[in-house]
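Have a look at the structure first.

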Amino acid sequence: ASMSGDTGVIHVVEKEEDLNWVLADGPHPPYMVLLDGNLFNRRVMLQLKGTSRVSGLAVAAAKPSPPQGFSPGLQCPNDGFGVYSEDYGPQFAHCNTTVWNPVGSGLSYEDFHFPIFLLEDANETQVIKQCYQDHNVPRDGSGPEYPLCAMQLFSHMHAVTSTVTCMRRSSLQSTFSINPEVVCDPLLDYNVWSTLQPINSSGKVDPQKEVIIVATRIDSHSFFWNIAPGAESAVSSFVTHLAAAEALHKAPDVHLLRRNVMFTFFQGETFDYIGSSRMVYDMEKDKFPLRLDNIHSFVELNQVALRSNSTLWMHTDPVSRTNASVEAQVRSLLDILSNSSVGANVSLQEVGYSQPLPPSSFQRFLRARHIPGVVLTDHRTAFQNRYYQSMYDTPQNIRLQYPQGLSPEETLEYVTDAAKSLAEVATVVARALYRLAGGANATSAIRADPKTVTRMLYGFLIKMNNSWFQSIIKPDIKGILGDVPQHYVAVSSPVNTTYLVQYVLANLTGTVVNLTKEECLNPEKPAGGEQEMYEYAWVQGSLDPNSTSRVPYCVRSTVHLSKALSPAFELRQWGSTEYSTWTESRWKDIRARIFLVASRELEIITLVVGVAVLVFSLLATYFINAKADVLFSIPQDPGAVAY
Amino acid sequence: PALGLFLFTIARDPLRIIILIAGAFFWLVSLLLSSLIWFIAVKASDPRDEPLQKGLLIFGVMFSVLLQEAFRFLYYKLLRKAIEGLVALSEDGCSPISIQQMAYVAGVGFGLMSGAFSMINLLADALGPGTVGIHGDSQLYFLTSAFMTMVLIFLHTFWGILFFHGCEHRRWWEIVAVVVMHLAVSGSTFCNPLYVGSLVPSYLLMAAAAVWAYLLSGGSAQNLRRFLLCKS
């Protein structure tokens, strides 16, 4: 997009034939295309990309979502940054065995030289279409007459070419300029992690102590900036994870368990595993309390909401299982999981040796160490999610439905079927974790609470600004609630999602302690080995029923944040193929406007007339001035000077 | 045209430049006062009442015309006083500039300021790719505005000459004629966007005022013929 905006004559494309007008027939290029959402596919976009007659694009979101599916992501997500490569399982690399996202068009990874805007509000789309109908419709086969309705889109992106180029320019600016003009920022946020038994977060954990890691991602993406509802791809998995954490913490003998459990929420996984690659890097470089040796096993939850016949599939890595000891551990892991599903409305099935792991954070851990692990998903081969990483991955996609006519409070508390189904999965996971951690008692008491699950689904998918979220966050960040929920990782951190996951986890797994506000905000660290075990948070509390003030309190939990910035930026290897190198360009103005444009002829006529009048008047005045004594003879005043 | 007039007739003489700038300032002050009155009237009334707002606008325009002419009269008084001062300062007992020349320069000053006021906003908005018309207005807006501004500058010049001549020779009907002409031209702009209703009468009035001012300044049909046939 250009610095001063791109202008074009509006043309509404609702069917394929309309495209010919833009590409070949229309007499007034360049055109600004208003595209119907159902035509927003790879074929049409590549045609528009290849022509110079298009100066911009506005896409009207398709309602309802396109039935054949739509995904601007790759067919093989995060390819090249997982564990499979030419050196490790080459038959599985580059999706040779299984194409995970067959609907994927790869549009998000194409370079378009014109601005593309999304129109979600049908009223705005109607205004543009009305202007088009009034002025731009071709009459009787010939072209429409000027003045024509045109649109101007401003979305100049400061960065060009690639991360290497823009980071190099930014670093030159920062080093040498007084007023540095940085052009791009690396994608950056925080991972949220918490342990079942508290550990010293600034020290190192004893190498003999074993930890089971449970992981999910908390971010998603779509073609358009800051629109990433991610219902199936992210929210379903981390909500289940949070519910399982809550259920496990309620078990009576957690402090006696042999192994610890670490609940990890990775940010930035959509962009080549930013969060998990950073955590592995920190573990290798001893910057994290745990080391890779401490990890006993790994359980990951991927997309779990669209189960068919209530089947949950267990994926494992066939290549590492060729090692006998790893195979034994994986086998026991799978058995414990299967046993935990007895009595629940979920049936767990193994995928077997024929398939590799789907794209998951576990792959980054496998790159470093052959840890036994399993990835739970609702799909056996290709994704069940037909809207992976797109703007259509909405609550409707996971069949989240509320009855009509409920107030926001009632909707918050209403337990949907989707919530019940995810609670079942969470129960199974919690029971399995209890067994894996060495728990010996019966697990029937461990249940995930569907009421919690439904509140989380409402908050993360429908309305962030609800009474439960308001009561569990710190008073000074209550401004983050109130936007439409979306889960893009962004460049200013932490994003709303990270904050909310942190505080929800603290609320579900922490304990309320009786401290005052000053004590809570500045906890005295007792001497000895107890430093940095807990995090204390002073949260708002809920609204008193009959008053407008809140009752705040102090929550003690083991929830910590760890930086999720790709190691490539720490090492300044901007062209790295080992770690993620995603950056977001900076921009200043993003706006759009519509107006009429005049024909070239009228503009030229105006200019020529003006110049002609100027020249004529100069000449006339000169001659009148020169011959003033001829024109004006003043009888009364002989001493008058000539005009 | 205004640029041409300025370059060839005014720019050489510093005294004329001073009179020009002062004239422009007087016009600006008159507009400021009249706009203050209009603004107070608008704020004190209901903004949603369309006919009332239109009525207030007409009232504001008429009041502004009257105020402009009043300031022209004040300027005449000031220049009269200035001529006495100039005569006192000069060496040969007569002023370096006559009242007719002052009238002409004052008129150009008024016209320049009025033209600038009309056009600068328009030119600033005209930058950018769009043009007028999305709510149904005419395409020719910029062209007609430019022509209207030009005619107004000429008119102010001629009115300056007529007005000062009337004040000088105590011919009140000349002054009244100027005021009536000004009101007529301003009123005709309310015919817009029917541009023929405002441009045509204004150009006709300008032609009439031009002839009258020419005759008052010492011209005649004879002189005109001699000029056009390039005789000396």
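1. R586(A) and D185(A) form a salt bridge, with their closest N and O atoms 2.9 Å apart (a side-chain nitrogen of Lys or Arg within 4 Å of a carboxyl oxygen of Asp or Glu). R586(A) sits in the loop between β18 (583-585) and β19 (591-597), D185(A) in strand β6 (residues 184-186), 401 residues apart. D185(A) is buried at 18% relative accessible area, while R586(A) is partly exposed at 35% (buried is under 20%, exposed over 50%, partly exposed in between, with a 1.4 Å probe and protein chains only).

2. Keep in mind that this is a predicted model: local features need pLDDT of at least 70, side-chain atom pairs count only at pLDDT 80 or more, and totals for chains, interfaces and linings use all residues. Side-chain values use heavy atoms, without hydrogens or water, residues are numbered from 1 along each chain as its sequence is written, and chains are lettered from A and ligands numbered from 1 in the order written.

3. E210(A) pairs with R259(A) in a salt bridge at 2.7 Å between the closest N and O atoms. E210(A) is in the β7-β8 loop and R259(A) in the α5-β9 loop, so the bridge ties together parts 49 residues apart in sequence. R259(A) is buried at 12%; E210(A) is partly exposed at 31%.

4. K129(A) and E14(A) make a salt bridge too (3.1 Å, N to O). The structure holds 22 salt bridges over all chains, and R42(A), K49(A) and E110(A) are linked in a network of them.

5. Finally, helix α11 (residues 450-462) of chain A: its buried residues include M456(A), Y458(A) and F460(A).

Notes:
Helices (H or I, at least four residues) and strands (E, at least two) are DSSP runs, numbered from the N terminus. The expected span of a helix is 1.5 Å times one less than its number of residues.
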